[in-house]
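Work through the exercises below with the model open beside you. Try each task before you read its solution.

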Amino acid sequence: MGDVKLVDAPPGVEGAGFFATALDKAVGMARANSLWPLPFATSCCGIEFMATMGAHYDFARFGSERPSFSPRQADLLMVMGTIAKKMGPVLRQVYIQMAEPRWVMAVGACASSGGIFDSYSVLQGIDEIIPVDVYVPGCPPRPEGMIDGLMKIQDLVRNESLRRRNSPEYKELLSKYGIL
Ligand code: SF4
């Protein structure tokens, strides 16, 4: 029990018996350390994700031990594997069904760019149909790469303004994808 490490408190002002910080920072800290991933795995990168979830690499250390297969109970969409163009509308539907705020990680070369499958049937990157926050390179990425991607997502989440999702810039981004 002595090895349990607590998350650092957000920046703020501390004194005897009080600690003051900004609401954005407190909410960001809570969100960043309780991301629930939705694994959208279609091929080999998904196997690497299974290794990442196992005891050795232990995604749970980041508060992400609860994979969700229901879009409404997930806030991090992890897309792993080759996405055929026929699968594109399904992926888009899953993204739309997720509640805000939501983040997206493209894991591996296929999800990021189509990978080696430069063919008529394969989507050349999921950012053709949904916005992506972090790309994890590799074919497949090692578990360390996925963990690095998760930590980059955590940085985004921790520092995101509570108002971002209502901003004109965000609405414009979604409207470029025909989502609103
Ligand atoms: S990036 Fe490589 S390992 Fe991952 S799904 Fe594509 S072919 Fe498989």
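Predicted model: local features only at pLDDT ≥ 70, side-chain atom pairs only at ≥ 80, totals over all residues.

**Exercise 1. The fold**

Find how many helices and strands the protein chain has, and state their order along the sequence.

Solution. 
- Step 1: Count the elements. The protein chain holds six helices and six strands.
- Step 2: Read along the sequence. The pattern is β-β-α-β-α-β-α-β-α-β-α-α.

**Exercise 2. Overall form**

Decide whether the radius of gyration of the protein chain agrees or disagrees with that of a compact globule.

Solution. 
- Step 1: For 180 residues, a compact globule would have a radius of gyration near 16 Å.
- Step 2: Compare. The protein chain has 17 Å, which agrees.
- Step 3: The C-alpha trace spans about 65 × 40 × 25 Å along its principal axes.
- Step 4: Check burial. Of the 180 residues, 28% count as buried.
- Step 5: Residues 24 or more positions apart account for 75% of them.

**Exercise 3. The ligand shell**

List the residues that surround the ligand. Then find which element gives the most to this shell, and sort the shell into nonpolar, polar and charged.

Solution. 
- Step 1: List the residues. Ser43, Cys44, Cys45, Gly81, Thr82, Gly108, Ala109, Cys110, Gly115, Cys139 and Pro140 surround the ligand.
- Step 2: Assign elements. α2 (44–53) and α4 (108–113) are those that give two or more residues.
- Step 3: Pick the main contributor. α4 gives the most, with three residues.
- Step 4: Sort by type. The shell has six nonpolar residues, five polar and no charged.

Technical notes
Residues numbered from 1 in each chain as written. Near = placed C-beta within 6 Å. Helix = DSSP H or I, 4+ residues; strand = E, 2+ residues; numbered from the N terminus. Nonpolar A, V, L, I, M, F, W, Y, C, P; charged D, E, K, R; others polar. Rg over C-alpha atoms; globule rule 2.2 N^0.38 Å. Buried ≥ 20, exposed ≤ 12 C-beta atoms within 10 Å, placed from the backbone. Contact = placed C-beta atoms within 7 Å.
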